Amino acid sequence: LHERGIRVILDYSWNHTGHTFWAWKDLVANQAESDYADWYWIDSYDDPATEANELSYHSWFGAPDLPYIRETVWVDPVERVEPFEGDIYSDAFKRHIFAVTRRWLDPNGDGDPSDGVDGFRLDVAAEMPLGFWREYRSFVRDVKPSAYLVGEVWWEKFPDDLLDPEPFLRGDAFDGVMNYRWYREARQYFADAPAPMSPSEFVARLASLTANLRGVTSRAMMNVTASHDTPRLSTSLFNKGRYKFKARASENPEYKIHRPDADTHAAQRLLLAHQFTYVGAPQIWSGDEMGMWGSDDPHTRKPLIWPELQFDREAEHPLGGARPPDRVRFDDELYGYYQKLIEIRKANPVLSHGELEFVLADDERGLLAYSRYDGDAEVIAVFNASVSEHTLLVPPKTNRDYVDVFAGNAVARDESSLELTLPGRTAAILVAH
């Protein structure tokens, strides 16, 4: 993968013990005498004189197979998640984490990390103490200075309050977080989910998300549209309810699980054009680019629909309800759409590193435009979220001509503005030439 220019990010969770089953097995066998007894939050040990099993411990949301790793302070995440100071209690466990981390960063231990992973995605990161993350970052950067650390900082309180990630993004913990906050706003703007949003309100909401963050941090965010923990992008846009709330048929019999409609695909294309031109790193949940749909976990983990394979029609409803039978096949057109956006982003580094300025927010006509610029380089992303065709003017930052490298719309210019006509529910990406 490295030879092909692909960076590899490893997914890890330290807050519970799924990856240290061997240590937990020893504790269950040896109870308080185990070498790993101080790794976990143990309330009481088993009394061998009784038939009952009195072993009691803190576990992740009560899941018995996920005992919590012990920290120096207990903060219960069930009611609300919030950043907290502290560290991991057991120094032995911390050394174990560091040893595993070093093994993935520098597999052969020769001091050259070029053959290792390029960073880590850190699961439920807000449920670990900040003191530990600071030390972890220092250790990782000592092994591989270029390593990227992205935290899953998500809910403060489900289903409405998303956590402000600023305490994790001061330069001493993570480089970025999974930017679910950005996606919730983009979903509402481009898909009217759960309610319509005006262009000016969208601009204000995006500004509020970055107001307390450093610019370099905003550019390092992982802009997430879907994941193993959420509905697939198309299904999320197809259903207009609150983000991730009752997002499967077992929780909501009215939740639509069949192939999304044409209006949804138009919203998806608009949102993707925004994702690949906005500040931050675009993320793709594997299979979305193939045209897959699916409700919340576990339905977001259906087998990938590779183009060389044949699939039966999807016709069953998990609750035995009615649904239209859908043909399951690789979506070549959508795949090409993703490819084009990727090519445009790679060909224009200003989309990765440039500044952001909104240059148009027309609430009456549903038009939005922003500039990504850096010195003499500029790309202007333009969106017509309405269903009607509109002609619009946007101000350029250079004296050069501009070309719509995305949809091929004609672009005229005078001394002060660029003019183009944009069909309803479409986007343009204007590049200075």
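## A walk through the model

Start by selecting Asp11, Arg121, Asp123 and Glu152: a network of salt bridges links them. Here a salt bridge is a side-chain nitrogen of Lys or Arg within 4 Å of a carboxyl oxygen of Asp or Glu. Before you click on, know that this is a predicted model, where local features need pLDDT of at least 70 and side-chain atom pairs count only at pLDDT 80 or more, while totals for chains, interfaces and linings use all residues. Residues are numbered from 1 along each chain as its sequence is written, and side-chain values use heavy atoms, with hydrogens and water left out.

How many salt bridges does the structure hold? There are 30. Pick glutamate 85 and arginine 134, whose closest N and O atoms are 2.8 Å apart in one of these bridges. Glutamate 85 sits in the loop between strand S3 (56-57) and helix H2 (91-105), and arginine 134 in helix H3 (residues 130-143), so the pair ties together parts that are 49 residues apart in sequence. Helices (H or I, at least four residues) and strands (E, at least two) are DSSP runs, numbered from the N terminus. Glutamate 85 is partly exposed at 48% relative accessible area, and arginine 134 is also partly exposed, at 29%. On this scale, buried means under 20% relative accessible area, exposed over 50%, and partly exposed in between (1.4 Å probe, protein chains only).

Now jump to arginine 170 and glutamate 166, which form a salt bridge of 2.9 Å, N to O. Is glutamate 166 buried or exposed? At 18% relative accessibility, glutamate 166 counts as buried.

Next, select glutamate 201 and arginine 205, joined by a salt bridge of 2.7 Å, N to O. These two are four residues apart in helix H5 (residues 199-210), so about one helical turn separates them.

**A loop worth a stop**

Go to glutamate 314, in the loop between S10 and H9. The side chain of glutamate 314 makes a polar contact of 3.1 Å with that of tryptophan 293, and another of 3.2 Å with that of arginine 323. A polar contact is a pair of N or O atoms within 3.5 Å; within protein, one must be able to donate a hydrogen and the other to accept it, and residues adjacent in sequence count only if both atoms are side-chain atoms.

Phenylalanine 311 is in the loop between strand S10 (281-282) and helix H9 (332-347), and is partly exposed at 31% relative accessible area.

**Strands and sheets**

Show S14, S17 and S16: in that order they make an open sheet of three strands with antiparallel pairing. S14 and strand S16 (412-413) stand at the edges with a single partner strand each, so one side of each has no neighbour in the sheet. Two strands pair if DSSP finds at least two bridges between them. S14 and strand S17 (residues 418-422) share five bridges, and S16 and S17 share two. Click on glutamate 419 in S17, the bridge partner of leucine 393 and of alanine 412. On S14 (residues 390-394), His390, Leu392 and Val394 make up the covered face, and Thr391 and Leu393 the uncovered one.

Last stop: strand S11 (residues 355-362) and strand S12 (residues 367-374), antiparallel over seven bridges. Phenylalanine 358 has tyrosine 370 in S12 as its bridge partner. Four residues lie between the strands of this hairpin, where glycine 366 takes a positive phi near 75°.
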